[in-house]
Amino acid sequence: MIKHLKITYAHKNLAAFILAFSIVRFAQCQEPPRPEMDISAFIQNLFPVPTEDSDYSDLYESLFQLYANPLDLNTVTQDELAATYILSDAQLRSLFAYRQKLGAFLSLYELQAVPGFDLNTIYRLLPFVTVQPRPLSFTESLQNPTQHFLMLRSGKLIEKQKGFSEIDSTSTARTRYAGPPWYGYLRYRNARTGSFSFGITLEKDAGETLWTWKRKQQVYGADFSSFHAQIMNRGRLKNLIIGDYQMQAGQGLVMAAGFSLGKGSEVIKTTYRSTLGLKPYTSVLEANFFRGAAATLILNKNTDITGFYSRTKRDATQEDTPEGTFTTSLPISGYHRTPTEREKHNILLEQNAGLHLLYKMPSQKGQIGFTILYTEYNATIRKKDVPYNRYEFSGKQNLTAGIHGDYRWQNLHFFGEGGRSRSGGLGGIGGAIASLGKSVDFSFLARGYARHFHTFYGNSLGEATKPINESGTYFGLRYFPNRRWQFSVFYDRFKFPWLKYQVDAPSRGRDYYVHLLWKPNKRFNMYALFHEKHKQRNNPDSKLPPLPLVTSVRRTFTINAEYDVPLKISTRTRIQYGDLAYVEISKSKGFTVAQDITWQLKKLELSARVAYFKTDDYDSRQYVYEKDMLYAFSVPAYYDAGTRHYLMGRYIITKKMKIWVRWSQTRYSNLEKISSGLNEIQGNKRSEIKAQVMYQF
């Protein structure tokens, strides 16, 4: 058992040395056991209420990679450790001051000696960190991977969708899905933290053909395939990747790697984005990644330079006109089941070339970076000629450049990034995080993205899904009256200077969030949250353009209680209410009650849920996280009235092999058919079965 130890900076030099020496002597032959991590639960704590316009697959993938490749406390940078979203700025400063004064960590037990670290912080951090006793040679790294596994997953809907039925004379749809009704997933990974990584991912969705080879469209067997090979820390070569990869620099204005927490219950740390550089792309989202080669070189002790080139194919909707071929949209769903969907599959050639220069101040208090990204297509992008698209990107080439930096001074952390695209549009984001004593943290963020600012791989914080046509200010506050209570709140005010889809005039809105957490002991915690967002939209009752704007108000109120006995049983009870109202026009409301339970036996883990939901219509649908198998993520929408339940089992066959089986079902009270088009199911229930096997070499 790790005991809590309280140390002040005034006695640090002597007391910390004596304590660290004692701890290391005690732990020379042992380390605290590395806990298994429920990443779905970790994300749920960051985003208690998921939204319909968010895809958390990349976030899940990024967090799993952090877990699978733990950070070495003796070589990790502040940016890398900040990316776990666990440590406050004050705790980061404390840890690196400790390392600088007392030298390398000899054991994870030594975290007890870091001033400002409590037991809860250490337990949350342990899955993401390690202590390497000595650097390994490349040959030793190959022989001792931290990740080496093969994973297979498949599943299908039990009820038949229209897309898999025979075409009959009464049906208006004259096409059907080309492939079988099950989906497939294969993943192989061999990696050593800080040394090398090699991986292959193959995936097909339900309805896609089983085996296709189209070299010109970069389709090699499975509908989607991904590959990467990476080596790291070989002399001046800091990072080299061949295959699929992403790049994270600055605040994500130019290159964001698809990993952004945005606005959630973590109201402080999510305002700052860490510069993580190049990382392999291992997700199955079929867009927003580079394919080619990239490298980071160490120019000197304080300066790195990264260069990369990418040549890949993208899905596109194209039109042939007398003037030529134009691309009108870039679908990102990844579905290629029908002739229409397959016509769009990887037909647009996209090439990217980029450079990132990063200078770290000798004081280690700050850094400055420069980013440039050039993108070229082989067909002109010209979106549909409607008013809200007037300032969207048009053409074949785009060039986006940006400068980012951050600086830490005492209890303040300043950061920001500015950029300009070829169109002349400017984008900027800047903010600060302040520790106002031991119990109060404050964050501020301002942003402004011109209506003609174009960044294809940017994903900085904002209300919209991409940084364009938006300005806003964000304030976050977190207060710890004691170790049992935590109060968090944010307020975000935003406006859109130009039109948007289904918003036929400049608009504005505001967003605020209150979160209260009570954790009386290690086993039990309970939180309540309230979230309200005001946005202007077209009046749904008006018919003639231009449509007048009305204010929509979406509210969510949630109470969540969890009890956990490690390695035995855990329960979660959740009550969630939400509504969507168009002021003085209409209101739709709904609620969900869900009960989860997980039993852990010696080799078997069983997880189950029973939920009841009732909503007026689809507008008040409820999104609730569900526990899923490793590398899978489930956030279904609950609407109408009915029940939702699932049962999942994980069994350890041998030390090297695990198997998962999951069954889920939704039963609706008032529906005679579910969904529409080729996804339509006759009846009032939707059931899914899937299985997964993982072999660790």
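Reader: Which residue in β26 stands opposite T558?

Author: In this predicted model, T558 stands opposite Q576 in β26.

Reader: What is the bridge partner of Q576 in β27?

Author: That partner is T592. Strand β27 (residues 586–600) pairs with β26 in the antiparallel sense, over 14 bridges.

Reader: Which residue takes a positive phi in the hairpin of β25 and β26?

Author: It is L567, with phi near 65°, in a hairpin that has 3 residues between its strands. The hairpin of β26 and β27 also has 3 residues between the strands, and there E584 takes a positive phi near 65°.

Reader: How many residues lie between β17 and β18 in their hairpin?

Author: There are 2, and Q410 in the turn has a positive phi of about 55°. Strands β17 and β18 (residues 412–421) are antiparallel and share 10 bridges; within this pairing, I403 has G418 of β18 as its bridge partner. On the other pairing of β17 (residues 395–409), 12 bridges join β17 to the antiparallel strand β16 (residues 366–381). There, G366 stands opposite Y407 in β17.

Reader: Where is N469 found, and is N469 buried or exposed?

Author: N469 lies in the loop between β20 (440–449) and β21 (470–482). The residue has a positive phi near 55° although it is not glycine. Its relative accessible area is 7%, so N469 counts as buried, the limit being under 20%.

Reader: How is S675 to be classed by its accessibility?

Author: S675 counts as partly exposed, at 40% relative accessibility. S675 belongs to the loop between β33 (673–674) and β34 (681–682), and its phi is positive, near 65°.

Reader: Which residues does N538 touch beyond four places away in sequence?

Author: N538 touches Q502, V503, D504, L547, P548, L549 and V550. N538 is in strand β24 (residues 524–538) and is buried, with a relative accessible area of 12%. The pair N538 and D504 shows how sequence and space may be read together: the two are 34 residues apart in sequence and 6.6 Å apart in space, C-alpha to C-alpha.

Reader: What share of contacts in the protein join residues at least 24 apart?

Author: The share is 63%, counted among contacts between residues at least 6 apart in sequence. The protein contains 8 helices and 35 strands, and 50% of its 697 residues count as buried.

Reader: How does the radius of gyration of the protein agree with that of a compact globule?

Author: A compact globule of 697 residues would have a radius of gyration near 26 Å, and the protein has 26 Å, so the two agree. Taken along the principal axes, the C-alpha atoms fill a box of roughly 85 × 55 × 55 Å.

Reader: How many positive and negative side chains does the protein have?

Author: There are 91 positive and 61 negative side chains, and the centres of the two sets lie 6 Å apart. As for the surface, the accessible area is about 32500 Å², of which 58% belongs to carbon and sulfur atoms.

Note on methods. Residues numbered from 1 in each chain as written. Predicted model: local features only at pLDDT ≥ 70, side-chain atom pairs only at ≥ 80, totals over all residues. Heavy atoms only, no water. Pairing = 2+ DSSP bridges. Helix = DSSP H or I, 4+ residues; strand = E, 2+ residues; numbered from the N terminus. Rg over C-alpha atoms; globule rule 2.2 N^0.38 Å. Buried < 20%, exposed > 50% of the residue type's maximum accessible area, 1.4 Å probe, protein only. Contact = heavy atoms within 4.5 Å. Areas by Shrake-Rupley, 256 points an atom, 1.4 Å probe, with all protein chains shown as cover. Lys, Arg positive; Asp, Glu negative; His and termini not counted. Charge placed at Lys NZ, Arg CZ, Asp CG, Glu CD.
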